[in-house]
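Here are my notes for your review. Please read them with the model open.

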Amino acid sequence: MLRANFFGIDDANFRGGARVGLGDINGDGVQDIAVAAGFLGGPRVALFDGKTVFTTPTRLINDFFGFPGPDATTLRNGVFLAVGDVDGDSKADLILGGGPGGAPRVFVLSGKQLISAGAAAAQTNPIANFFVAGASDTTGGVRVAAKDSDNDGKADIVTGSGEGQPSLVRVYLGSSLAKPGFGGEPLGYQDLNPFSLTLPGGVFVG
């Protein structure tokens, strides 16, 4: 039975698809929906209140570009995203990864700040902002997922290598992210090489 049918990116003419994540961003006990534009789209993100998706989907905040500054206009294949409580405050955070054509940048925004102060405030004080393996000069993007792999109550960040890059899955422990404003690649990570070759389409993680 169909329960919901709506445009996550509010543009009926857009044909690049969407990427979706689930998590309780506003802390009301119901999973909310995060949607990002896909191919040929900018890094646009929409957040929907989970309590409303089966009736009239209502946004938690206004749509925004996941990456600020020049990336807001130069990234043209959207962003990858995941949702998970990285900082352990009982509200899910938004984990963003650069889309194809962009560098493997991981940008983690506090769900609490997104709801209480808006996107600009959360972007000014991100939980994390780094390039996987420091590879700021590559353009395959990076796929992201959230998983509490060490059972410490904080979501860990799982990244998959992007298009045309050697196969790599890197897991960053949530506990290795210092505090809002933290910069640089976290030191606490684990590497896996699932395919031992360079993949044209990259590695998807989930």
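A salt bridge here is a side-chain nitrogen of Lys or Arg within 4 Å of a carboxyl oxygen of Asp or Glu. Keep that cut-off in mind for the pairs below. The model is predicted.

1. **Arg170 and Asp191.** These two side chains form a salt bridge, with N to O at 2.6 Å. Arg170 sits in strand 12 (residues 169-172) and Asp191 in strand 13 (residues 189-192), so the bridge ties together parts that are 21 residues apart in sequence. Arg170 counts as buried, because its relative accessibility is 8%. Asp191 is partly exposed, because its value is 39%.

2. Within it, the side chains of Arg44 and Asp63 meet at 3.0 Å, N to O. This pair links distant parts of the chain, 19 residues apart. Arg44 belongs to strand 3 (residues 44-48). Asp63 is in the loop between strand 3 and strand 4 (64-65). Arg44 is partly exposed at 28% relative accessibility. Asp63 is partly exposed too, with a relative accessible area of 23%.

3. **Asp71 and Arg105.** Here the side chains meet in a salt bridge of 2.8 Å, N to O. Asp71 lies in helix 1 (residues 71-74) and Arg105 in strand 7 (residues 105-109), so a helix and a strand 34 residues apart in sequence are tied together. Asp71 is partly exposed, with a relative accessible area of 23%. Arg105 is buried, at 14%.

4. **The salt-bridge count.** How many salt bridges does the rule give? The count comes to 6. The pairs described above are among them.

5. **Asp85, a charge without a bridge.** Where is Asp85 found? The residue is in the loop between strand 5 (79-84) and strand 6 (93-98). Asp85 is buried yet has no salt bridge. Its nearest side chain of opposite charge is Lys154, 8.3 Å away. The 4 Å limit explains why that pair does not count as a salt bridge.

6. **What the Asp85 side chain meets instead.** Which backbone nitrogens does the side chain of Asp85 reach? One belongs to Gly88, at 2.9 Å. Another is that of Ser90, which lies 2.9 Å from a polar atom of the Asp85 side chain. Setting aside residues up to four places away in sequence, Asp85 touches Ser90, Lys91, Ala92, Asp93, Gly153, Lys154 and Ala155. Lys154 is thus on the contact list, although no salt bridge is made by Asp85.

7. **Overall fold.** The chain has 3 helices and 14 strands. For 206 residues, a compact globule would have a radius of gyration near 17 Å; the chain has 16 Å, which agrees. Along the principal axes, the C-alpha atoms fill a box of roughly 45 × 40 × 35 Å.

8. Of the 206 residues, 48% count as buried. Among contacts with a separation of 6 or more, 53% join residues 24 or more positions apart. The chain exposes about 9700 Å². Carbon and sulfur atoms supply 54% of that area.

Methods
Residues numbered from 1 in each chain as written. Predicted model: local features only at pLDDT ≥ 70, side-chain atom pairs only at ≥ 80, totals over all residues. Heavy atoms only, no water. Helix = DSSP H or I, 4+ residues; strand = E, 2+ residues; numbered from the N terminus. Buried < 20%, exposed > 50% of the residue type's maximum accessible area, 1.4 Å probe, protein only. Lys, Arg positive; Asp, Glu negative; His and termini not counted. Polar contact = N/O pair within 3.5 Å; in protein donor to acceptor, adjacent residues only side chain to side chain. Contact = heavy atoms within 4.5 Å. Rg over C-alpha atoms; globule rule 2.2 N^0.38 Å. Areas by Shrake-Rupley, 256 points an atom, 1.4 Å probe, with all protein chains shown as cover.
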